[in-house]
Amino acid sequence: ICHLYQGPVVGGWYKVLDRFIPGTTKVDALKKMLLDQGGFAPCFLGCFLPLVGALNGLPAQDNWAKLQRDYPDALITNYYLWPAVQLANFYLIPLHYRLAVVQCVAVIWNSYLSWKAHQP
């Protein structure tokens, strides 16, 4: 589920982000990373975790409780990994390769998210 959800969503986000902030300077990369981590990452996690819960058959009330419990920790963990990855990604990697770079790092991240989503 991770890659089916993540690939199209993140790929589309990178295109929007590059139109909104064109350029590859250090300042452009920093702006992109701040928007990515300040806006996109919280929304992405807020959609991903309940999606996994729903696909696992959690009732809505249990899914909401699980989201409230797991979301803060998942977001904090996100901030340990992704800002540095994204800063390098936006500064060093051309747009058409960014999703591939993220997918490589996402193998580890998605393992964490899957583990988190499947905790009772």
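The legends below describe close-up views of a predicted model.

Residues are numbered from 1 along each chain as its sequence is written. Because the model is predicted, local features need pLDDT of at least 70 and side-chain atom pairs count only at pLDDT 80 or more, whereas totals for chains, interfaces and linings use all residues.

**View 1. The chain as a whole, with four helices and zero strands.** The elements run α-α-α-α from the N terminus on, where helices (H or I, at least four residues) and strands (E, at least two) are DSSP runs numbered from the N terminus. The C-alpha trace spans about 45 × 25 × 25 Å along its principal axes. With 120 residues, a compact globule would have a radius of gyration near 14 Å, and the 15 Å of the chain agrees with this; the radius is taken over C-alpha atoms, and the globule rule is 2.2 Å times the number of residues to the power 0.38. The mean pLDDT (the predictor's confidence in each residue, from 0 to 100) is 90, and 96% of the residues reach 70 or more. Confidence is lowest in helix 1 (residues 2–20), at a mean of 83, and highest in helix 3, at 95.

**View 2. The bend of helix 3 at Tyr79.** Helix 3 bends by about 40° at Tyr79, with Pro83 following within four residues; the bend is the angle between axes fitted to the seven residues ending there and the seven starting there. Between its end C-alpha atoms helix 3 (residues 60–92) spans only 42 Å, while a straight helix of 33 residues would span 48 Å, the expected span being 1.5 Å times one less than the number of residues.

**View 3. The largest cavity, with a volume of about 150 Å³.** A cavity is a set of points on a 1 Å grid over the protein atoms alone where a 1.4 Å probe fits but cannot get out, and lining residues have an atom within 4 Å of a point. Grid points are joined across faces, edges and corners, and a volume is the space filled by probe spheres set on the points. The lining has 14 residues, of which Gln6, Phe40, Phe44, Asn78 and Trp82 lie nearest the centre. Helix 2 supplies the largest share, six residues.

**View 4. The second largest cavity, with a volume of about 50 Å³.** This cavity is lined by Leu49, Pro50, Asn63, Lys66, Leu67, Asp70 and Ala117. Helix 3 gives the most to this lining, with four residues.

Notes
Heavy atoms only, no water. 1 Å grid on protein atoms, 1.4 Å probe; cavity = no way out; pocket = protein on both sides within 12 Å on 5 of 7 lines; lining within 4 Å.
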